[in-house]
Amino acid sequence: MAINLETPRKFQQLVDQSHMVAVEIFRKNSRKYDLAEHTYPKELDMLAAVIEGQGQGGGVGGAGAGTVGSSNGADKAKDSGGNRNGSNMATLLGLTELCWGDVGLLLTMPRQGLGQAAIAAVANEEQLKRFGGKWAAMAITEPEAGSDSAAIRTTAKWDEDEQEYVLNGEKIFVTSGERAELVVVWASLDPSQGRAAIKSFVVERDNSGLKLDRLEHKLGIRASDTANFVLDNCRVPKENLLGSPEIAPKGGFSGVMQTFDNTRPLVAGMAVGVARACLDRTRELLAEAGIEIDYDRPPHAQPAAAAEFISMESDWEAARLLTLEAAWMADNRKPNSLQASMAKAKAGRTGTDIALRCVALAGATGFGEGELLEKWARDVKILDIFEGTQQIQLLIISRLLLGKTSGELK
Amino acid sequence: MAINLETPRKFQQLVDQSHMVAVEIFRKNSRKYDLAEHTYPKELDMLAAVIEGQGQGGGVGGAGAGTVGSSNGADKAKDSGGNRNGSNMATLLGLTELCWGDVGLLLTMPRQGLGQAAIAAVANEEQLKRFGGKWAAMAITEPEAGSDSAAIRTTAKWDEDEQEYVLNGEKIFVTSGERAELVVVWASLDPSQGRAAIKSFVVERDNSGLKLDRLEHKLGIRASDTANFVLDNCRVPKENLLGSPEIAPKGGFSGVMQTFDNTRPLVAGMAVGVARACLDRTRELLAEAGIEIDYDRPPHAQPAAAAEFISMESDWEAARLLTLEAAWMADNRKPNSLQASMAKAKAGRTGTDIALRCVALAGATGFGEGELLEKWARDVKILDIFEGTQQIQLLIISRLLLGKTSGELK
Amino acid sequence: MAVGLRALNRLAASDLLERLGLRESTERLLRGASKTTAQTAARAGRTFAAAQKRSKPARQPKGERTDLFDLTPNDEQQMLRESVRDFSLAKLRPAAHDADGGCAAPTELLTQSNELGLTMVGVPEELGGAVEQRSAVTSVLMSEALAQGDMGIALACLAPAGVATALGLWGDADQQATYLPEMVGDDPPAAALALLEPRPLFDPLDLQTRARRSGDGFVLEGAKSLVPRASDGELFIVAAQLEDEGPALFVIESGTPGIAVEPEPAMGVRAAGTGRLTFADVKLPVGALLGGGDPAVYAECVALGRLGWCALAVGTGQAVLDYVIPYVNERRAFGEPVSHRQAVAFAVANIAIELEGMRLATYRAAARVDQGLSFAREAALARRLCAERGVAIGSDGVQLLGGHGYVKEHPVERWYRDLRAAGVMEGALVV
Amino acid sequence: MAVGLRALNRLAASDLLERLGLRESTERLLRGASKTTAQTAARAGRTFAAAQKRSKPARQPKGERTDLFDLTPNDEQQMLRESVRDFSLAKLRPAAHDADGGCAAPTELLTQSNELGLTMVGVPEELGGAVEQRSAVTSVLMSEALAQGDMGIALACLAPAGVATALGLWGDADQQATYLPEMVGDDPPAAALALLEPRPLFDPLDLQTRARRSGDGFVLEGAKSLVPRASDGELFIVAAQLEDEGPALFVIESGTPGIAVEPEPAMGVRAAGTGRLTFADVKLPVGALLGGGDPAVYAECVALGRLGWCALAVGTGQAVLDYVIPYVNERRAFGEPVSHRQAVAFAVANIAIELEGMRLATYRAAARVDQGLSFAREAALARRLCAERGVAIGSDGVQLLGGHGYVKEHPVERWYRDLRAAGVMEGALVV
């Protein structure tokens, strides 16, 4: 037992496999689906099939967001001396590597969506059986409610006669909303009761009450479809409610929120992956321009571009290690809300900062579509926004550090 | 008439004189009074005498904070085509130059204190006559009220028999509090009535009820004394109340606050002056180390130190021009609250940032007491704090931009 | 009063007041103007031929040195700025989304923008220019106002003006007689300066495009990157290293054999139709050399180009600020406008602070140009601010809108991309 | 379990548990210890003489390479860290203000710190060291914990430990036999590494202090800046360019003729008694050369020094965070704690984020040292973070206290000054 922050050897194969996928499938299709927004990347079907063939326990399959939490049970055995490097770290490492390839394609990997995480976190046995293995999207955000989940206005009314819930409302920013088989919809049983009344419902994508309103045209991650839905008397059987149907002052919602604690380090990892792509390529381009990074000399004794690179790389290293720390804590069942948000905050802002600076260093080469740097600078910005913006992370962190409630520190 | 952001020639003599004072008197005594904290810099007496001999109209005499606003009447004539470069700009330019010399010494220049500005802004003719030409300090802050002037707890009770006010309370951070002849004390006639009841009283320094509690030991500006006072049944004749004795919902306090609108660009100018001292010296040191700044080449094609220098210098230029803009607007009687706070915010943070980075570039040379860089890095930090912290400036700016009250945007 | 805009006023006087009073009239005017548009010339380009050749080149006189600090534009500049801004907000902004997507500025808008007299600002009056005195400040104000509508379309409009200004500043009598009559005519050719080269850490003082003397002229080899209006451009001013004499500028017609053009769409300013020009054994006459190959002319051109990009960044930054203020006031969360949160409000405040700093630094450098003072340092400082602070403004603009900032329904995502240009581009336009 | 601290445990075992349980007992212990202090040696220094000379140098073995990611220190490290932190918060913190003002660490504290066995951590057990295996992580944890009390006094305590570690790592049998018995004794000499030179943009790979071979030894010329404990130091390891062979380290006793010392107080770490050493025609025996003059040894020394400064910055950053949290919660304005304002709260959050990043990067590099992996890159990244983010933490610490942060009544003004050191200093200590 000793302090060690290197990638465990046992995950090296996973990382290598993920890297191969990133190089061979993601990178080769990066520009194609950036240009062809809203076109489904059919190359992913084959990949998804391969992944499913390998099973969920390891390999590239561990890389999707959908497996977080779900496979915790699979490797309960501690590795050694009470320390465990488990599925959270494995997922993170694979995901980071894939996002080094292309974060847009990662986000639209079939059957790897965020909805799976929600189902895995809250579903009962019967639901796991029914929904497991299907591609599930997550519909939370509404036009008038951004980070404020208590303001959700989509309603779920109980129809006693039909034993069904009737959902009405509007959902925006649903990742893979068009392509998924299921959409996990957040709706309120009673908007007057705030967060406690918010439940998640699994809606089949072909439910006629779930109407695709439009697909967003976006700054980046254009390979991934982002859908807006209208729920128009959308009828959902009661068996599709995840968790308890009771409105309890505490519990139900926090179960749903738990999903976010698990996924925050993953989104941080995505930013770490994209930022590394930027750094790797910039290092190559700088080398072609005759600039080598010298770690023995102080940055101020080097060319400006080398100093700039070391500055970026150091922030990247901090973001990467914070992300690994959060995953490691999750594997070891240490409460990691603070570290998860620190990782997300640091990686989100650092990713954007690095990508934009790399574009500038690479000049016309970086700004043009001949390289992927400009695309990464567009892609990465979403990672400082979704799954909790920078501001939300800082709120979570400072409330925890200062011991404040959301009423005191707004 | 044309857009022009160069220093007007007519102020060149003032700038040159100020520079000479900065070099010959301030710089030569900088380290001496940094080391000998709480010792009065007697070299300033001679300087003050010279300044007073020159009169208030121009020359170095225009450089003290005390003359702001007071000499506005002296140059009412517009310069040309409706555009005016007047006492606000002159004061700013002189002050900036002196602070290039030493901001601590500037702050303790006899008869140039902030109290003069308050007296000049609110005093009646009789008071101007009685208090004019004396050295006046300003006592606002209290231990439990930082930026929150409404929270002032020092009370001024009216003694009908003696026709005096009786002041009780505690005042901290009084610049030149020990050395001044007068202290302008902010106190409340009735704490239950908030800002409207706050008045300023001129207290003679030798008033036995004004007790010097202690002198602060500080990070920087150690040449300038910072005093804490206890007001213990401090009796002040009614003629020493500045402005109206009535508690009016509006008016009285805003008159006092007006002082701050005038002084904010000056404090910004102080930061601009200190930062230029840092840049000038660092440029020399870099040249000795073989680094020249090349403005024709992009920073990223230069050595790291040159790029760093250009980066610092560009922010300094922004801070400097924002400060000039605020002063120019004041000279032209354009409302400049927004620009004054923008100048203070930008110059405050930029000054500290530049000074700390220059220390690092200069290495051991910059960190040691053999150079003044480390001193400037200590001195300059106060300029992002006093006369309204960075946070206060951002609040003022964003309230103005967003049209928010202090109740809405806290 | 140092700068006059008599000719320009003559050009647009009848409509100018109307425009200032009423946007509707502006739109009517410009819709009207579009009907008289001539066909855009093909890439082969028109034939340029010297008209009345003069014995020596004409130059706009410099303004006198003014002494007082002053931030008020003169009356002409104010009117011009307002009319350009009216045009840009009314016409460029609504067209920006599609122009960005299609990588081309609408022909109609390019034609309408000619009517604003952009190409006349930097041309001596004797040669059909509109402005009595040389004023980089006027160019900066116009560029800033145009970019407030859209940076990409603004660049497409301003690139020809940059070529005209360069010819006005440094053209010899032959060059001016050959090109300026067309540039100030009703149908000025698409044109641009081309300095940037496709490589990391590009330094305009270290060019890989090379010109060698050959017989009576020059032979050019190399490539230029992200040239605005590359495909429809008829005239380019291209920077190349002239043997070992230093970098120099060459006036090149698009039809010259050996020039290849390919589209080079980029992260931002896509509406400008950026493309790559490749020069393979391109033979140029001796008269192609601009400014006599003087390295000082080239350095001035580089600095004036940087100021052009600064002006575009300032205008775009202003667009961001003007957009986010009502947005954060209207957008509600947790029961009140998001602008009531310090993090949101302070982000807006910092945009305003840094934007004003960018603007003042840019104005200062431009005013020094007009006064005949050195301005390389001031241009470098303005550029650094506009590159670094500008890109932060773009990023904060998206962040303030959250997820909504990431979709093309709102223009902030475009500004995020465009504002990176100011730290990447060199040349392409001058002020 | 890779690292054992048996010897150290033996040394302090009787008190350690008590210390962990009760601060009062720590203080009693340390007060007691001070009574037995020997007189500090004069600058002329003691006479070092080889005791039992060994045939070859002893080395602490490296730890085995562990495979799992793990952030938990082992039990010994935890106990050690806690006891050092107890000591540092109880003793260093209260002494820091005066030590800073007086530019010297209290003799009493230096003596007490010896009892913690700092100089034994990097020395092989055969030579009286306390730790079975080489562990830079242990040194980092101890340095961090010590700096939580005060960076300046911590540096004064740790500089001799750095010399001991350097001799443990690179000393030959003679050097070890001559100096290490004293270093691990009851009264270890004041000692420090001296790499930094008094000039801007200092690069440790480009030294101006020069050594030339002369007869049977070397002659040294040059100057070293901001050397901790310069005045009372008896032993220095000095970096100099050895002819054209590259930079090398020399072990130098303070009494060697030609060495002048002058105080060189600086912005921060004043309690370490920094001074400048000047070497004029200083003749050194051949045995003064450390590590055989191997440039790789020197590069390793530079990187280990950077990690030492990182550890000090992390500890000081933690002190800032721990101080501002209760302050902003208790300080009220406008009717509520100032921590209810986002700008205040987010500044605290950002200190925590960046501090944790600094810490993890430092730990990673140190852990690579222990595993025999390359660590120059990781040390460089950690240093960059600790220099830039650390100085921001210092500045924000002052800002969060406002005017109160500017006066010496609160320690944040000292941390503002000390945290700048991590971006300036090289060498002085190693981990």
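How many residues of chain A are in contact with chain D? In this predicted model, local features are reported at pLDDT of at least 70 and side-chain atom pairs only at pLDDT 80 or more, whereas totals for chains, interfaces and linings use all residues. Residues are numbered from 1 along each chain as its sequence is written, and chains are lettered from A and ligands numbered from 1 in the order in which they are written.

Between these two chains, 43 residues of chain A are in contact with 43 residues of chain D, contact being defined by C-beta atoms, placed from the backbone, that lie within 7 Å. On the side of chain A that touches chain D, two or more residues come from each of α8 (304-331), α9 (337-367) and α11 (390-402) of chain A, where helices are DSSP runs of H or I with at least four residues, numbered from the N terminus. The largest share of this side, 11 residues, is given by α8(A). By class, the side comprises 23 nonpolar, eight polar and 12 charged residues (Ala, Val, Leu, Ile, Met, Phe, Trp, Tyr, Cys and Pro count as nonpolar, Asp, Glu, Lys and Arg as charged, and the others, Gly among them, as polar).

A second contact joins chains B and C, where α8(B) and helix α9 (residues 342-370) of chain C pack at an angle of about 90°, with their axes 8 Å apart; the axes are lines fitted to C-alpha atoms over the stretch in contact, and angles run from 0 to 180 degrees between N-to-C directions. The two helices, α8(B) and α9(C), are therefore roughly perpendicular to each other, a description that covers angles of 65 to 115 degrees. Among the residues that meet are Leu321(B) and Leu322(B) of α8(B), and Leu360(C) and Arg364(C) of α9(C). This contact has five nonpolar, one polar and four charged residues.

Tyr295(B), which is found in the loop between α7 (252-288) and α8 (304-331) of chain B, is in contact with Ala376(C), Arg377(C) and Ala380(C), leaving aside its neighbours within four places in sequence. Tyr295(B) is buried, with 22 other C-beta atoms within 10 Å, the criterion for burial being 20 or more such atoms within 10 Å, with C-beta atoms placed from the backbone.

In chain D, 28 of the 29 residues of α9(D) are buried, so this helix is largely enclosed by the rest of the structure. The helix is followed by Gly372(D), whose phi is positive, near 75°.

Methods: A residue is buried if 20 or more other C-beta atoms lie within 10 Å of its own, exposed if 12 or fewer, and partly exposed in between; C-beta atoms are placed from the backbone. Angles under 35 degrees count as roughly parallel, over 145 as roughly antiparallel, 65 to 115 as roughly perpendicular and the rest as oblique.
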